[in-house]
Amino acid sequence: MNIGFVVNFMTHLDGKKIFVTGGAGFIGSHLCAKLSSSSRKLTVYDNLSSGKVENVKHLPNVHFVKGDILDLKKLRSQEKTDLIFHLAAQVVVPYSMENPIIDFETNARGTLNVLEKARKDDARLVFASTAAVYGNPAKLPTSEDYGFNPFSCYGLSKVVGEEYCDMYSKQYGLDITIMRFANVYGSRCHGVINDFFDKLMRNPEQLEIIGTGLQSRDFVHVSDIVEALILSTKGRTAIGKTYNLGYGETIQIIDLAKLIIKLLNLSRKTAISTTNTSWHGDVKTIWFNINKAKKELNWTPKITLEDTLKEMISERRLGK
Ligand SMILES: NC(=O)c1ccc[n+]([C@@H]2O[C@H](COP(=O)([O-])OP(=O)(O)OC[C@H]3O[C@@H](n4cnc5c(N)ncnc54)[C@H](O)[C@@H]3O)[C@@H](O)[C@H]2O)c1
């Protein structure tokens with residue numbers, strides 16, 4: 001990577017006060033690690049429902065506040081900020097189908113509360129949205145202008161969050177960017193990749209896929225997501241815009257399972273099975289068209305799934 005780029009791509013944030021909701025979670029903590037690498041005033045606001053304070057407490061320049069985005073009074077009483085990355089959310093699709101009201105509260109009302117803080121502070125805001133707003137799109141790879149067609153309560157509550165962002169942008173003139181993530185992976189991630197590794201560590205002879213295995217996903221590395229989030233805050237290009245952030249390729253879950261098994265040299269040993277039943281709200285395919293982010297943010301995802309899987313295997317000392 002170009003060293004000048006590494007040094008310069010964040011200088012526009014020098015001296016800025018930054019507020020990260022959900023900063024103790026998977027993506028948020030990677031973002032904070034990047035932001036805190038040079039001297040910035042960084043507040044992490046997280047209720048620790050799924051995040052961990054250990055993910056951020058070792059970072060320099062980080063002020064951690066245990067707080068809930070549903071606590072509007074506490075949120076608004078935090079020190080004035082220049083920039084908000086809003087990542088706090090209920091992120092589990094099946095949970096959203098079992099608990100639609102809790103999901104709505106966190107993702108819709110919670111986002112509205114964060115927008116109120118942004119309005120009070122006149123802060124710029126970047127909102128973490130999701131592929132789930134598209135549901136099962138008829139057009140693949142899917143572009144930002146496809147429109148909303150959520151297939152889960154999670155997708156719907158994120159649509160509401162996006163719509164409020166749009167309203168606050170139009171009516172109050174707030175500077176807002178919406179980032180729709182595909183399937184993000186990397187260290188501390190939750191989801192199918194770790195599930196496969198954990199199962200194979202327990203029993204290398206058997207790998208059960210939850211679902212049909214025919215679902216397919218666009219996996220993008222968390223470092224690439226962090227880079228795009230930071231690039232989106234540079235200048236005014238991304239203001240009022242929505243971007244897809246994925247790798248721009250899709251892989252069936254059964255093929256992901258086979259790839260992991262191959263990389264572990266287990267092809268002769270491991271039998272794959274599927275539960276054959278999906279969960280409520282599960283979508284068939286996620287595959288993003290990422291041309292807009294490439295062109296306008298000058299961003300290209302660099303990290304490949306296969307390279308990361310190899311790294312994870314060596315970190316976990318598997319396949320030996
Ligand atoms: N991980 C992915 O593949 C993915 C894909 C699409 C979108 N996203 C979005 O990215 C964001 C971050 O996701 P993640 O994967 O890091 O999830 P995560 O669960 O690791 O992080 C979410 C964080 O929000 C915090 N939180 C939850 N409810 C809160 C509340 N009411 N008040 C304050 N904090 C609260 C949690 O404690 C956690 O630290 C979310 O908005 C999610 O919808 C993630």
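Predicted model: local features only at pLDDT ≥ 70, side-chain atom pairs only at ≥ 80, totals over all residues.

Biologist: How many residues surround the ligand, and which are the closest?

Modeller: 29 residues surround the ligand, and the closest are Phe-26, Asp-46, Ser-50, Tyr-154 and Lys-158.

Biologist: What does the side chain of Ser-50 do there?

Modeller: An N or O atom in the Ser-50 side chain is 2.8 Å from an oxygen atom of the ligand. With Phe-26, a polar backbone atom is 2.8 Å from a ligand oxygen.

Biologist: And which atom of Ile-69 lies 2.9 Å from a nitrogen of the ligand?

Modeller: A backbone N or O atom of Ile-69.

Biologist: Switching to helix H5. What span should it have?

Modeller: H5 covers residues 100–121, which is 22 residues, so at 1.5 Å a residue it should span 32 Å. The end C-alpha atoms are 31 Å apart, which agrees.

Biologist: Where does H5 bend?

Modeller: At Gly-110, by about 30°.

Biologist: What follows H5?

Modeller: Asp-122, with a positive phi near 55°.

Biologist: Last topic, cavities. How many of 30 Å³ or more are there?

Modeller: A search of the whole structure finds one. The largest cavity has a volume of about 40 Å³.

Biologist: What lines the largest cavity?

Modeller: The lining includes Ala-131, Tyr-134, Pro-137, Leu-140, Trp-287 and Phe-288. By type, the lining residues divide into seven nonpolar, three polar and no charged. Gly-135, Thr-142 and Thr-285 are among the lining residues, and Gly and Thr count as polar.

How values were computed
Residues numbered from 1 in each chain as written. Heavy atoms only, no water. Helix = DSSP H or I, 4+ residues; strand = E, 2+ residues; numbered from the N terminus. Expected span 1.5 Å × (residues − 1). Bend = angle between axes of the 7 residues up to and from the residue. 1 Å grid on protein atoms, 1.4 Å probe; cavity = no way out; pocket = protein on both sides within 12 Å on 5 of 7 lines; lining within 4 Å. Points joined across faces, edges and corners; volume = space filled by probe spheres on them. Near = heavy atom within 4 Å. Polar contact = N/O pair within 3.5 Å; in protein donor to acceptor, adjacent residues only side chain to side chain.
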